[in-house]
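Please walk me through this protein chain. I would like to begin with its aromatic rings and then move on to individual residues.

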Amino acid sequence: MITTIKNSFFRKPIAIMLSLSFLLMSFTTGGDVGVVLNAGTSINLETVSTIQSDMVVVGQIVDFRVKTDVKVDNKVVIAAGAIAKGQVVRGQKAKGLGKEGFVEIQIKSVRAVDGQEVYLSGGNVYQEGDDQQTLAIVLGVFVCILFLFLKGKNATVPSGFQLNSSVASTVTINA
């Protein structure tokens, strides 16, 4: 008799909990796996703003914009206009004795349509200004010693400067 009471007492709540858990389960289909973006896929980028060697510091993050949609199987995986990040790895402003300024930026990553960060490789930007060292030395020796303080030109990467980068490793994106 006690077993009959136990069985009837626990049977209904267990049946209800099992029914609810079955109804609340989420089922996924095999078609929702995502799109594979292969390593080496080319991405067209452009600078968002003008970058000057006298205005940047090493480690500074610089923004680039994706120029065209990146598609895989007719699905956009990286949208045009997405912001890619680059980092200044070397930079120096123009110095005396006609020494030019330079800046080098390494492209790091971009966000895919699902919010995932896609790492990039290649497509580094390197610009240097005009070297005026010979002019500074010649004028400094033959005209006036003060010309030795003549500075070279700073490097400038104009807004809209275009470059290509590529995907560093294969990733799956939910497009």
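**The aromatic pair and beyond**

One aromatic pair is found in the structure. Its members are phenylalanine 102 and tyrosine 126, with ring centres 6.3 Å apart. The ring planes meet at 35 degrees, so the pair counts as tilted. The cut-offs explain the label: under 30 degrees would be stacked, and over 60 would be edge-to-face. This pair links distant parts of the chain. Phenylalanine 102 sits in strand E8 (residues 102-111), tyrosine 126 in strand E10 (residues 125-128), and 24 residues separate the two. Keep in mind that this is a predicted model.

Tyrosine 126 reaches 40% relative accessibility, so tyrosine 126 counts as partly exposed.

Now step back to the whole chain. The protein chain has two helices and 13 strands. It comprises 175 residues, and 27% of them count as buried. Among contacts with a separation of 6 or more, 67% join residues 24 or more positions apart. The chain exposes about 11200 Å², with carbon and sulfur atoms supplying 58% of that area.

Isoleucine 78 belongs to strand E6 (residues 75-78). Its relative accessible area is 0%, so isoleucine 78 is buried. Which residues does isoleucine 78 contact, leaving aside neighbours within four places in sequence? The list comprises Leu37, Ile43, Val66, Thr68, Asp69, Val70, Val110, Arg111, Ala112 and Val113. Consider valine 66 from that list. Isoleucine 78 and valine 66 are 12 residues apart in sequence, and their C-alpha atoms are 8.1 Å apart in space.

Serine 165 is placed in strand E12 (residues 162-167). With 3% relative accessibility, serine 165 counts as buried. A polar atom of the serine 165 side chain lies 3.1 Å from the backbone oxygen of serine 121. Serine 121 is also one of the contacts of serine 165 beyond four places in sequence.

One residue ties the two views together.

Terms used. Residues numbered from 1 in each chain as written. Predicted model: local features only at pLDDT ≥ 70, side-chain atom pairs only at ≥ 80, totals over all residues. Heavy atoms only, no water. Helix = DSSP H or I, 4+ residues; strand = E, 2+ residues; numbered from the N terminus. Buried < 20%, exposed > 50% of the residue type's maximum accessible area, 1.4 Å probe, protein only. Contact = heavy atoms within 4.5 Å. Areas by Shrake-Rupley, 256 points an atom, 1.4 Å probe, with all protein chains shown as cover. Polar contact = N/O pair within 3.5 Å; in protein donor to acceptor, adjacent residues only side chain to side chain. Phe/Tyr/Trp six-rings, centres within 6.5 Å; stacked < 30°, edge-to-face > 60°.
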